[in-house]
Amino acid sequence: MVKSYQELVVWEKSMELVERVYRMTKVFPAEEMYGLSSQLRRAAVSVPSNIAEGQARRSKAEFLRFLSIAQGSRAEVETQTLIAERLGYVSKQQISEIVLLLEEIAKMLHTLRAKLTTNH
């Protein structure tokens, strides 16, 4: 086990996701401030937050549970990003960059969960 969640590449990538989501939602219409923009930001923040909380609990079972929650939040960000694209709030280029990062995070979360599950 790592000493700190900050040593995890998946946590760092998730922090990058938060930055990208915040920059992306700055251009959303004002009426979305308390709607999709807020929802997307909260879901994005949830990904690294749950990775950090799970690792900090120092229990494999708890870490696995929080990684699962992070994976759910990641899927939420992906869905809401696709909604933003459908509504015309962001370009296909912005979406493709975020979707690639989301896919990378999904693979990393899956790999980390698999390693934790097989290491007894």
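This report describes the fold of one protein and then some of its residues.

## Basis of the model

The model is predicted: local features need pLDDT of at least 70, side-chain atom pairs count only at pLDDT 80 or more, and totals for chains, interfaces and linings use all residues. Residues are numbered from 1 along each chain as its sequence is written, and side-chain values use heavy atoms, with hydrogens and water left out.

## Overall fold

The protein contains four helices and zero strands, and from the N terminus on its elements follow the order α-α-α-α. Helices (H or I, at least four residues) and strands (E, at least two) are DSSP runs, numbered from the N terminus.

The radius of gyration of the protein is 15 Å, close to the 14 Å that the globule rule gives for 120 residues, so the protein is as compact as a globular protein of that length. This radius is taken over C-alpha atoms, and the globule rule is 2.2 Å times the number of residues to the power 0.38. Along the principal axes, the C-alpha atoms fill a box of roughly 50 × 25 × 20 Å.

Of the 120 residues, 39% count as buried. Buried means under 20% relative accessible area, exposed over 50%, and partly exposed in between (1.4 Å probe, protein chains only). Among contacts between residues at least 6 apart in sequence, 72% join residues at least 24 apart; a contact means heavy atoms within 4.5 Å.

## Helices α3 and α4

The axes of helix α3 (residues 60-86) and helix α4 (residues 92-118) come within 10 Å and cross at roughly 165°. Axes are lines fitted to C-alpha atoms, for helices over the stretch in contact, and angles run from 0 to 180 degrees between N-to-C directions.

The residues of the contact of α3 with α4 divide into 15 nonpolar, five polar and seven charged. Here Ala, Val, Leu, Ile, Met, Phe, Trp, Tyr, Cys and Pro count as nonpolar, Asp, Glu, Lys and Arg as charged, and the others, Gly among them, as polar.

## Buried residues

L17 belongs to helix α1 (residues 9-25) and counts as buried, at 0% relative accessibility. Leaving aside residues up to four places away in sequence, L17 touches V47, V77, I98, L101, L102 and I105. The C-alpha atoms of L17 and Q55, which are 38 residues apart along the chain, are separated by 19 Å.

T25 also lies in helix α1 and is buried, with a relative accessible area of 3%. Its partners, not counting residues up to four places away in sequence, are S37, L40 and R41.

## Two loop residues

Y89 is found in the loop between α3 and α4, and at 18% relative accessibility Y89 counts as buried. Y89 touches V27, F28, P29, E32, L36 and A84, not counting residues up to four places away in sequence. Between the C-alpha atoms of Y89 and E103, 14 residues apart along the chain, the separation is 21 Å.

R58 is placed in the loop between α2 (36-56) and α3 and, at 53% relative accessibility, counts as exposed. Most residues other than glycine have a negative phi. R58 has a positive phi of about 60° although it is not a glycine.
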